[in-house]
Every structure is written in C-alpha cells, then in structure tokens.
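Please prepare a short briefing on the structure shown below.

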Amino acid sequence: MCGIVAYIGHREAYPVILKGLKRLEYRGYDSAGVALLNDGLKVFKKKGMVADLEESLIGENLHAHSGIGHTRWATHGEPSDRNAHPHQSSNGKLAMIHNGIIENYTQLKNELQKKGYQFKSDTDTEVLLNFIEDIQKNNQCGLEEAVRIALKRVVGAYVIVLIDQDHPDTLIAARKGSPLVIGVGKGEHFLASDASPIIEYTKEVVYVNDYELAILKPDELILKNLGNEKITPFIQKLDLELAAIEKGGYDHFMLKEIFEQPDTIFDCLRGRLDIHKGTITMAGVQNHMEKLMHANRIIIVACGTSWHAGLIAEYVFEELCRVPVEVEYASEFRYRNPVIRQGDVIIAISQSGETADTIVAIEKAREQGAFIFGVVNVVGSSIARISDAGAYTHAGPEIGVASTKAFTAQLAVLTMIALKIAKEKKTISEERYLQLLNEMHEIPEKLREILPLNEQIRALAEKHKDAKDALYLGRGYNFPVALEGALKLKEISYIHAEGYAAAEMKHGPIALVDEQLPVVFVATRDSYHEKIISNIQEIKARKGKIIAVISEGDEVIPMMAPDIMRVPNADELVAPMLSVIPLQLFAYHIGVAKGYNVDKPRNLAKSVTVE
Ligand code: G6P
C-alpha cells in the first residue's frame, strides 16, 4: 500500500527517489509520482508502474537536491495521473505525498470549497494539502506551524511529507498510524515507508512515532510532538543487508522467498531452540511467563496469511497449554464489542507489523486490560513497538506480496512459544516436549528435502493452470493449511479457490465437484488420516480431479489420486510448516504459467496500512 520516499541532501534526489520507489513496489500500487525542487517546484506523476513514470521523464531536467516520491494504492478516486501523488496546493508552492486516509475530508473539502478552493483530483490528500495552505494564509504562519494546526483537526491515519518551494532546504513530515522511517546520513536525510529504500545509503534510522512531526534539513533533524515540544530522536542501527532485499538470481521474489525457508526457519530457531539442553530461550516469553502461563484465555488477532498462522496456533496452544484460544480477524475484532478481561492475553501476528486493523485491535484490547504479545517479522515496526512483549520471526524482508516464508516462521515462533509455556505449566510431558523440540529442530532439513519437488510441481501447475475454480481440503492442523493454499492460489493466479475443512465439504462445496474441478487435499499422515482418505473417496466417487500433498511412504492415497506431492514425515503438530510448501509452489507456478506478475498481484498490497 502507498509507498513514500523523500530525500534532502548533497546527492541528486531523483535517482535516489526513483530507486526507492522501485524498492517499495512490493507494497502494491497503481500509480507513481515525484516532486522535485529545482528552480521552482516540478511535479510529475503517472498512472501505472514506476517504470512508466521513469520513461515519461526521459529528457526532462530532473536536477534537484530535494524531492518527494510516492507510489499510490487508490482509496479516494480511481487510479489515474490526476489522482496520483504528489499533489500540489492551490498556490502551486507546496507539494505533498500521503499514505493513509483522512476520514473527515468531506467536511474539510466543503469548508475549503466555500472559500473558493477548487480541486484537481478526487483525493483526500489534496484536501488536506489545501487545508494546510489555507491555514498558512489565514494565520500568516510558516509551513511547520500550519501542518501542526491542520493535523489537530484531522481524523484518520496518515504519513505526510511536504516540500515547499519557498524553503528548498527543508522537508516536513508527520505520522499517525502509517509507517515512516528516517535515514540519517552525513549531510543528508532520507524518508521512507520502510527501510528498504534507505539501507544502501545509511544504516542509521529513526522510526517516527504517531503524532510526531519531523523537520528535515540536509544536516539537521528535528522531531517534535504536535504540541511543538522537541523530542530527542532515537537513532537505531539497522541490521539489514542490501542483498536481503534483492532477487539474488531468482526470477521472482516469491520463488526466492519460498526457497529461503530452510534458512529462515533455521534462523528463527537459532539461539532459541537447544535440543541438547532441552531448552527454548525466548526473552519475550520468559520475562512475562507469569502473565502467559496464567492467561485465562488467548485471543489471536491477525489478518490474511497471518490469520491462518493464528488458526494453526489455536490448535497448538490448546493441545499443549490447555488454554482456551480464540482467533479473530483484526478487522472484525476492532469494531465489535468483544468481551476482554484482565488476564486475557492477545497475540497479534503480523509480518509487516504495520497492518492498520491489527494495530487498532491491539489498542482496543489494551484499553480493556489485555496483555499484548506481538509475533512480528519487521524489526522496529509499529506492532513490535506497541506490544507489551513479543518475539520476532526473523524471516528477513519479505518482498513478494503473497506471504510465504513469513508464514512458516510465524508457525515456528508460535510453536516454540506454546512449547515454552506448556513446559512451565507442566501441561506437556517431558517426553513429548523433547520429542517436539526434536521435530522442530529437524524442520529446516526437511524443508530442504521438499524444494527439489519444484520441477514436478511446475508440471502439475501446467496441467491445472486453466482451472476456473479449485477446492482445498484439510483436517486438523492441516485445515488452516488448506485455507492458506487456497489463498495463495487466488492471490497469485486469480483462480477462484476455496479452502474448507474436509469433513465440512459435505455441507456445501461438494455440490461444486465435477470432472473439471481440481480438489487439493492436504493429507499428510496424522491422527485424521483414515478420515481424510474417506473424504478423498467421496471426491473420487464424484470424479473430481484429486491433487494431494501426502507423506513419504504413503502408498494408499497414490492409488486414488493421480497428482501427488510428497513431503517428509513429521509430527502432525509441526507438519503445516512442511505441507504448505508444495501449495506455495503450486500457486507460484500457475501464476507464472498464466503470465501474471506473481510478486505484485493486481489489487493487492503487501502492507495494508488503511483499514
Ligand atoms: C496483506 C498481504 C498478506 C498478509 C496480510 C496481513 O493482505 O498481502 O500477505 O498476510 O496483509 O499482513 P501482516 O503484515 O499483518 O501479516
């Protein structure tokens, strides 16, 4: 969702901004633009890709040492050149980029229209910008003061960055609810939605907090709150290498990230899980063990793929820790009137750590006394910072919009948390605990064994790529894996796919089954195995095209299903980390075979920073 890049300093601003916007493409967008200060303010914007913008600017004089750039994911107004950012204020002196939604923009727009303001776009951004310009005019004040006054009236979420023709040596930015990182260089400053546009220039960053204003000059950074009081910037060192956000020889980020999983799970376990000592070291859990082991209830809030990880965690926590668990879409949880009591623990799961609904769900639960534990991938992200405690997934940057390696890392972290609590609560036997530790330890190696299936899965994808619909079925721990498999297919290949609990299929989806319908079973060997074999028979009897993810050594299912993907045997509790991999590859290859942009599927955004 909207990407923001800005630069002020000694370099040429345009190449820095353009490269930064390309690095943020993964967030999902539909138009792009830049504003540069070069002998006056120049604004260029274009519907489509950053490359389209780049091409349209060939031959232009783009020389500038300060500028702002944006990739827009449409909210107010269709994707078009006109609605793309940056927007320019009525007097032409200010330009602004914005990520978020101004909820009271209609009211502000009416007020401005009565004063004679006219609008060139349909966006809430242009309204806010003219509102700022109007305050400047009426109060005879500088831009910083006008921004501060305006933001006190604004309802909604935003990151804004402004550039002012009359003050070319200053950028002004502010944040509430959407992410913003400042890169601190020598005689230069960078601004971006995340650190990826910044890391090749500097590793020193400042994460801007809600209700903070940043005033940036080449060699000065001032942070203030909306009450105009100065705040000392907290400069952190980024632990991120450039290579981690580049494709490294793979055709797509998604494939790279699928293939990284043996390493990401290894990294996620490293330093935490010790099979020799029989220990799991997680400071975030250990330091809050009392709260976690005496939780009355665990409520997991998340969105998308992270929600699927939550569903699996529900099974794991209830089984191991004997605590009731509920899993909620953050977007539903935040708006209904949930019963939350002291003693409830919220586990918020998020790859980006910036998902707007999850952030608000956390805030709502905290107001009512819940303890918040974050399971987050992006270090320093909003959710990581607002949680009472947490554990990072350490999967590294995930660029492909469809989540893959973050999902398996979430499962690894959640399972370790459950094991650690269960051990402390003594709801697990020593033998089972050690057995599961060992099972976890073996996951990276088993993941490595699955990846050579890639070629076979490519062929399978070729065979099924023209399907109009698909059904994914699983039971127990593999039921959420079926949901995740179906989600991956629709995200990447635009084939309509439904995930279902295999037994529940008789109550509806079975009506869809005919000779054309691929039915993907996640049927690794577990305590439901006999049951799912019966479900496979039911589909076979109705001539559905069966595809099955099965365990090594299973000779029964291959007799019923022509299309098989085998994964190594594993305990059912950890099996989802393996059984999901063929489904990720299957979706990937179908998307590629259909010629789609698998890293940036249409309409989707990586980081959903609006509700
Ligand atoms: C978007 C992404 C998904 C992701 C979901 C939740 O929809 O495209 O891949 O699962 O947001 O994001 P989070 O960053 O909170 O895990």
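The briefing below goes from the whole chain to its domains, cores, strands and single residues.

The model is predicted. The protein chain has 20 helices and 27 strands. Its radius of gyration is 25 Å, close to the 25 Å that the globule rule gives for 611 residues, so the chain is as compact as a globular protein of that length.

**Whole chain**

- The C-alpha trace of the protein chain spans about 80 × 55 × 45 Å along its principal axes.
- Of the 611 residues in the chain, 61% count as buried.
- The accessible surface of the chain is about 23,100 Å², and carbon and sulfur atoms account for 49% of that surface.
- Among contacts between residues at least 6 apart in sequence, 71% join residues that are at least 24 apart.

**Domains**

- The domain assignment divides the protein chain into domain 1 (3–243), domain 2 (247–428) and domain 3 (452–598).
- Between the C-alpha centres of domain 1 and domain 3 there is a distance of 45 Å.

**Nonpolar cores**

- In soluble globular proteins, nonpolar side chains tend to be buried together.
- The largest nonpolar core of this model has 95 residues. The members that touch the most other members are Phe-317, Leu-320, Ile-347, Phe-373, Ile-417 and Tyr-472.
- Helix α14 (residues 405–425) supplies the largest share of this core, with 12 residues.
- Domain 2 (247–428) and domain 3 (452–598) each contribute at least three residues to this core.
- A second, separate core has 33 residues, including Tyr-7, Val-16, Ile-198 and Leu-240.
- Phe-317 shows what the surroundings of one member of the largest core look like. Apart from neighbours within four places in sequence, Phe-317 is in contact with Ile-298, Arg-322, Val-323, Val-325, Ile-347, Leu-414, Ile-417, Ala-418 and Ile-421.

**A buried aspartate**

- Asp-357 is located in helix α12 (residues 356–367).
- Is Asp-357 buried or exposed? Asp-357 counts as buried because its relative accessibility is 11%, and the cut-off for buried is under 20%.
- Leaving out neighbours within four places in sequence, the contacts of Asp-357 are Cys-303, Ala-330, Ser-331, Arg-334 and Glu-611.

**The open sheet**

- An open sheet is formed by 8 strands in the order β3-β2-β4-β1-β10-β9-β11-β15, with antiparallel pairing.
- β3 (41–47) and β15 (236–237) are the edge strands of this sheet, as each pairs on one side only.
- Strand β11 (residues 204–207) runs antiparallel to β15 and is joined to β15 by 2 bridges.
- Glu-204 stands opposite Lys-237, which is in β15.

**Two hairpins**

- Strand β12 (residues 212–217) and strand β13 (residues 220–225) run antiparallel and are joined by 6 bridges.
- How many residues lie between β12 and β13 in their hairpin? There are 2 residues between these strands.
- Leu-213 has Lys-224 in β13 as its bridge partner.
- β13 also pairs with strand β14 (residues 230–231), in the antiparallel sense and over 2 bridges. Here the bridge partner of Lys-224 is Lys-230 in β14.
- The hairpin of β13 and β14 has 4 residues between the strands, and Asn-228 takes a positive phi near 70° in this hairpin.

**Backbone details in loops**

- Which peptide bond is cis, with omega near 0°? The bond from His-85 to Pro-86 is cis, and Pro-86 belongs to the loop between β4 (66–72) and β5 (87–88).
- His-394 is a residue other than glycine with a positive phi, near 55°. His-394 sits in the loop between β22 (389–392) and α14.
- With a relative accessible area of 37%, His-394 is partly exposed.
- Lys-426 also has a positive phi, near 60°, in a residue other than glycine. The loop that holds Lys-426 runs between α14 and α15 (430–450).
- Lys-426 is exposed because its relative accessible area is 70%, and the cut-off for exposed is over 50%.

Technical notes. Residues numbered from 1 in each chain as written. Heavy atoms only, no water. Core = buried A, V, L, I, M, F, W, Y, C linked by side-chain atoms within 4.5 Å. Buried < 20%, exposed > 50% of the residue type's maximum accessible area, 1.4 Å probe, protein only. Domains from an automatic or database assignment. Contact = heavy atoms within 4.5 Å. Rg over C-alpha atoms; globule rule 2.2 N^0.38 Å. Areas by Shrake-Rupley, 256 points an atom, 1.4 Å probe, with all protein chains shown as cover. Pairing = 2+ DSSP bridges.
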